[in-house]
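Thank you all for making time this morning. I would like to walk you through one structure slowly, so please keep the sequence and the model in view while I talk.

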Amino acid sequence: MSTKVVDRAPLTFYERTYLPAILGGLKVTAKHFADTVFKGNSVTMQYPEERWVVPEGYRGAPYLVKDQDGATKCVSCQLCEFVCPPKAIRITPPGADGLTADRKNAEKMPKEFEINMLRCIFCGMCQEVCPEEAIFLQKDYSITGENRESMIFNKEKLLKLGGTHAGIQKWKNKLEEAQAQETFPVDAQ
Ligand code: SF4
Ligand code: SF4
């Protein structure tokens, strides 16, 4: 394997004073200053009073959603918990005597569902893997709290923030579909 040695030009005395880089930076600052004062084109905003408007499809914080009938979509299958790279999700299943789902034909829903927003990296794996379309990355990008505990969002908070997501209702006609299978004609071979 051949090796190519690349000559690295030594810095001149002028470059070693850092003046070209400093003047270059000041030139950019002066341009933005002039644009702001004379043209009104400000490149900064008064955060947090002013907020960046994120584009459609932006993937921010993940929240749980309810369906168009107001029912919890999550069925506590724990796939998202399993796949989450930084282990930000913690689900407590309902258990034998726990809550049954608040919608027809769904077997269960989680007793507790927590996301640690300090760990979450907004990767979207939970949304991708969810068979019920129950969790979506939404537009929140600035999540703050006064302590670590307040950054762990529980089921109630996640559902409130997530709101309604009209769409797939896989379980809605599940019972009727199962009953129909009993009379499904099968040709004798
Ligand atoms: S977006 Fe990624 S890191 Fe955040 S909860 Fe979902 S899977 Fe975990
Ligand atoms: S959010 Fe989706 S993947 Fe996660 S436990 Fe609920 S149904 Fe399963």
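Predicted model: local features only at pLDDT ≥ 70, side-chain atom pairs only at ≥ 80, totals over all residues.

Let me begin with ligand 2, which has 13 residues around it, and of these Cys74, Cys77, Leu79, Cys80 and Cys130 come nearest, where a residue is near a molecule or strand if its C-beta atom, placed from the backbone, lies within 6 Å of it. Residues are numbered from 1 along each chain as its sequence is written, and chains are lettered from A and ligands numbered from 1 in the order in which they are written.

By class, the shell around ligand 2 holds 10 nonpolar, two polar and one charged residues; here Ala, Val, Leu, Ile, Met, Phe, Trp, Tyr, Cys and Pro count as nonpolar, Asp, Glu, Lys and Arg as charged, and the others, Gly among them, as polar. Turning to ligand 1, we find 14 residues surrounding it, the closest being Cys84, Cys120, Cys123, Met125 and Cys126, and that shell is made up of 13 nonpolar residues, one polar residue and no charged ones.

Buried means 20 or more other C-beta atoms within 10 Å of a residue's own, exposed means 12 or fewer, and partly exposed lies in between, with C-beta atoms placed from the backbone. Helices (H or I, at least four residues) and strands (E, at least two) are DSSP runs, numbered from the N terminus. Leaving aside neighbours within four places in sequence, Ile135 is in contact with Pro62, Leu64, Cys80, Cys126, Gln127 and Cys130, contact being C-beta atoms, placed from the backbone, within 7 Å.

Next comes the sheet, an open one of three strands in the order S2-S3-S5 with antiparallel pairing, where two strands pair if DSSP finds at least two bridges between them. S2 and strand S5 (152-153) stand at the edges with a single partner strand each, so one side of each is left without a neighbour in the sheet. Four bridges join S2 to S3, with Ile89 having Ile115 of S3 as its bridge partner, whereas S3 and S5 pair over two bridges, and Ile115 has Phe153 of S5 as its partner. On S2, Ile89 and Ile91 form the covered face, while Arg90 and Thr92 form the uncovered one.

Finally, some backbone details deserve a careful look. A cis peptide bond, with omega about 10°, joins Tyr47 and Pro48, and Pro48 is placed in the loop between helix H2 (19-39) and S1. Gln78, in the loop between S1 and helix H3 (79-83), has a positive phi near 75° without being a glycine. Glu133, in the loop between helix H4 (125-129) and S4, likewise is not a glycine and has a positive phi of about 50°.

Key:
Contact = placed C-beta atoms within 7 Å.
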